[in-house]
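Here are my notes on the model you sent. Please read them with the structure open.

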Amino acid sequence: MVKNYWTLFYLTLIGIIIFVSLFILVLIFAKKLFLDKKFGIMLLIVCSCVFLVLSTLCACKFILCCKDYNYVSSNTYIEEKAKVVEFTVSRFDYDGSGRQENSKPKFYLIEKDEYIVLNVKDVELGKTYIIRFYPNTKICDVIEKIS
């Protein structure tokens, strides 16, 4: 769980640095790269918007990582007994096997009487687990299967 957190933390930080740098470089070299061409203004606007949107997405995820930093640094987490109610994402394997992959299970937290969607694999629908998770990044580990 901590490894997944640090991976997300560094990937979003690197993403912010890269996309902001590319946005600045596009603006600095706009005349040389874009404005000499036929549709230069349109290309400049499209590239600027793409880099701006990507850097904003990385920044949003990075802010969630920063909110969970206190949990990671103090080696704490939220531990709950939860039941898998449904899967929020289902994908079908189109290679001919017809296999269905479910992800992002929706858990019912029994003691808090609330629902939460977490990022975890290898859980079954209708089963109850003891889970540990970070509340903002939704990174989760299954500790024990109860039923």
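1. Basis. The model is predicted, so local features are reported at pLDDT of at least 70 and side-chain atom pairs at pLDDT 80 or more, while totals for chains, interfaces and linings use all residues. Residues are numbered from 1 along each chain as its sequence is written, and side-chain values use heavy atoms, with hydrogens and water left out.

2. Salt bridges. A salt bridge here is a side-chain nitrogen of Lys or Arg within 4 Å of a carboxyl oxygen of Asp or Glu. By that rule there are four salt bridges. Three of them are described in the next points.

3. Glu 80 and Lys 112. These side chains form a salt bridge with an N to O distance of 3.7 Å. Glu 80 sits in strand β1 (residues 78-92) and Lys 112 in the loop between β2 (100-109) and β3 (114-117), so the pair links distant parts of the chain, 32 residues apart. Strands and helices are DSSP runs numbered from the N terminus, with at least two residues (E) for a strand and at least four (H or I) for a helix. Glu 80 is buried at a relative accessible area of 8%, whereas Lys 112 is partly exposed at 42%. Buried means under 20% relative accessible area, exposed over 50%, and partly exposed in between, with a 1.4 Å probe and protein chains only.

4. Glu 86 and Lys 106. Their salt bridge has an N to O distance of 3.5 Å. Because Glu 86 is in strand β1 and Lys 106 in strand β2, the pair ties together parts 20 residues apart in sequence. Glu 86 is partly exposed at 36% relative accessibility, and Lys 106 is partly exposed at 24%.

5. Lys 145 and Glu 124. The closest N and O atoms of this salt bridge are 3.5 Å apart. Lys 145 belongs to strand β5 (residues 140-145) and Glu 124 to the loop between β3 and β4 (128-133), so parts 21 residues apart in sequence are tied together. Lys 145 counts as partly exposed at 43% relative accessibility, as does Glu 124 at 41%.

6. Nonpolar patch. Which residues form a nonpolar patch on the surface? Among them are Tyr 10, Leu 13, Ile 14, Val 20, Phe 29 and Leu 33, and the patch has about 1000 Å² of accessible area together. Areas come from the Shrake-Rupley method with a 1.4 Å probe. Patch members have over 30% relative accessible area and no salt bridge, and nonpolar side chains (Val, Leu, Ile, Met, Phe, Trp, Tyr) are joined within 5 Å. The largest share, ten residues, comes from helix α1 (residues 2-28). Val 20, found in α1, is partly exposed at 34% relative accessibility.

7. Helix α1. The expected span is 1.5 Å times one less than the number of residues. For the 27 residues of α1 that gives 39 Å, which agrees with the 39 Å between its end C-alpha atoms. Tyr 5, Phe 9, Thr 12, Gly 15, Ile 16 and Val 26 are buried in α1. Their cover includes α2 (30-33), α3 (40-67) and α4 (69-73).

8. Leu 118. This residue is in the loop between β3 and β4 and is buried at 0% relative accessibility. Leaving aside neighbours within four places in sequence, Leu 118 is in contact with residues including Lys 104, Phe 107, Ile 131 and Cys 140. Contact means heavy atoms within 4.5 Å. Leu 118 and Ile 14 are 24 Å apart in space, C-alpha to C-alpha, and 104 residues apart in sequence.

Note on methods. Patches are made of residues with over 30% relative accessible area and no salt bridge: like charges are joined within 9 Å, nonpolar side chains (Val, Leu, Ile, Met, Phe, Trp, Tyr) within 5 Å.
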